[in-house]
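Hi everyone, thanks for coming. Today I'd like to walk you through the contact between two chains, and then stop at one residue.

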Amino acid sequence: MTESAAAPNRFSLTARRELGIVLALLCLLGAMIVAHFTRGGSAEQLREQFVTLANQLSHLSIAAIGETLVILIGGIDISVGVNLTIAATVSGKVALWAEASGLGGPAGLLLVFGSAIGCGLLFGCVNGFFTGFLRLPGIVVTLGTLSIGRGLLIIWTGGKWVTDLPDWLQAPANPGSALGGVLPIPFLLALAVAVVFGLYLLYAPSGRRLYAVGGNRRAAELAGVHVAWQTFQAYALCGALVGLAAAVCTMRLSSIDANLGTGFELVVIASTVIGGTNIFGGAGGVVGAVAGAAFLVALQKSIFAFGIHSTWEKAFTGGAILVAVALDVWTSRRFRRS
Amino acid sequence: MKEITLERNLFLFVLLVLLAGALYLNNPRFLSGINLSNVLIHNTPLALIAFGMTFVILTGGIDLSVGSILGLSACAVGMALEAGWSVTSSFLAGLGVGMLCGSFNGLLITAGRMPPILVTLGAMMLFRGLAFGFTGGEDMSGFPAEASLLGNSRFLGLPWHFWMGLAVFALCVVLRHTVWGRSVYAMGGNETAARLAGMAVDRDKFLVYLLIGWLSALAALLYTSRVGSVRANEGEWLELQAITCVVLGGASIFGGRGTLWGTALGVALLAVLQNGMNLLGVVQEWQTVATGLLLIAVIAINERVSWSAVTKRLGLRWGRRPDVLESRER
């Protein structure tokens, strides 16, 4: 509440909120580099690992930025995993259709991205309609759309995988085509999204209104904010961004299965929250979401780097989320609902 | 308040009767003893967890980790049995693990002042990860015969599941008539007010999370005993199903409003819907779709339809004072 009111301090506040996770991320990356060299790895292997990491980070951070918008207004979207799977399946089928009708290259890519974003946007609009205009609680609505989406998806595909995705789709995401050998194209895309939405949240009136609604819904309403429309907008944008994340997945993966997004919503929400976004809304931002996503991906990688067996991976992720949230709460006490 | 709950529950009950009636007309096998007892046995673990979830949601919290607690408790039972422990001590160990998990959540939420949704989100992954880590992701089966007694035998002609479910349902008396039960409602309605009124909010909230941990472990025992094998990913999606049942039962997701009766009706509605679709030969996925549609429809009706206005128009009266009721309708 106070955060969103103190508009002149937005930069210093942004820095302070997200400082913890950025420091934690740097420490983890440093420890991974040290562990890599002490185990006798070469610099070339390290570069390859970081390209993989950046690639894996790209779709997660795009989706986490979308979730940030929803959590900022005090909502939550737990249907992002299903949304991602549906949009990826649709765009995968579109890619196959484009290949069959001879539309390769840029035109095909445009079709794939357009269909994925459109599909995600549609899903987001459904969520936004119920939460915004009917004022139903987000957790229940998205729980419902999660069930509906999951059921319809399996009925449609029959649980079959989308395979044999064309080469022109995979080529841009190929680690070999990474910019300067270290920055893969999906990662650059994620960076661009982060910059655009970072500026949107800092400067655009409708971006600032998201903070107003999340900080104090009633006050925002009295100040003339159209709360229903803002809520709708946040869910719709979240859906569209998840669609974009799905397009990145389609580009990166050789096949799309019906379990692609299972559990994805939890990782997305976790990234957002350990990046310092208040789960009750009104405070947070894009930098934290990206840093949180990077931290979780790096943590997963580090489990292998430190030589821990992969069956413990989930326990480590869960433990890390708890530690991050606990540190955050105990150092700032900002989760208290006023 | 009481009358509104009655009206909501009546709506659910009518829905349930209509659904059951339609199913019976379509397929008389629906009301056969075997089918009903199957429905009961399959849904008791869910019902136990949904009852616990009602308490949690009444306090204004949420528990996403119930499915993982079930999985971890089941794995604990399986590992204890494989290590040659007696059936009784293995089951007690399973219950102990569930209560430990519940107190872990409860401590972080009350003493640690962390938001329930985040604590249980992390705990969901942590407990599931521990289950995978300790078992190495491998199935366990071939337990001694006594281990399957609980899940496959009957008492007074009815399966043990029924008696367990009934015993836990008796918590509605606790919720309604004990200091602790009223405190659960009070802190969900307004936590600061409850604290200022001198209620031991932290202790009472801790007990709620302990209770749901215990109930999840009990559900794990019933399930493991019936199926006779254990997997680390047991109970996945159970948290979402339990929340669905509670919300179907008319509880407010923001706390302070809801009953165990409502939740029981919610579980029954979901169970009958799924069983009916099974009998009609509808594929599993359409059941998932129907569950989601039902959830959104019921919450829209509960939140956006004023029951007092509806009953007034229909000329139904419950001897209530309209002025008090109108102010409670949000």
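Let's start with the area: chain A and chain B bury about 3800 Å² between them, with 85% of that coming from carbon and sulfur atoms. Buried area here is the accessible area (1.4 Å probe) that two parts lose on being put together, summed over both.

A quick word on the ground rules. This is a predicted model, where local features need pLDDT of at least 70 and side-chain atom pairs count only at pLDDT 80 or more, while totals for chains, interfaces and linings use all residues. Residues are numbered from 1 along each chain as its sequence is written, chains are lettered from A and ligands numbered from 1 in the order in which they are written, and side-chain values use heavy atoms, with hydrogens and water left out.

Who takes part? Chain A brings 45 residues to the contact and chain B brings 42 residues, contact meaning heavy atoms within 4.5 Å.

How many salt bridges does the rule find across the interface of chain A and chain B? The count is 0, taking a side-chain nitrogen of Lys or Arg within 4 Å of a carboxyl oxygen of Asp or Glu.

Now, our residue. Leu134(A) sits in the loop between α5 (105–133) and α6 of chain A; helices are DSSP runs (H or I, at least four residues), numbered from the N terminus. Leaving aside neighbours within four places in sequence, Leu134(A) contacts Phe129(A) and Arg304(B).

Definitions and conventions. Helices (H or I, at least four residues) and strands (E, at least two) are DSSP runs, numbered from the N terminus.
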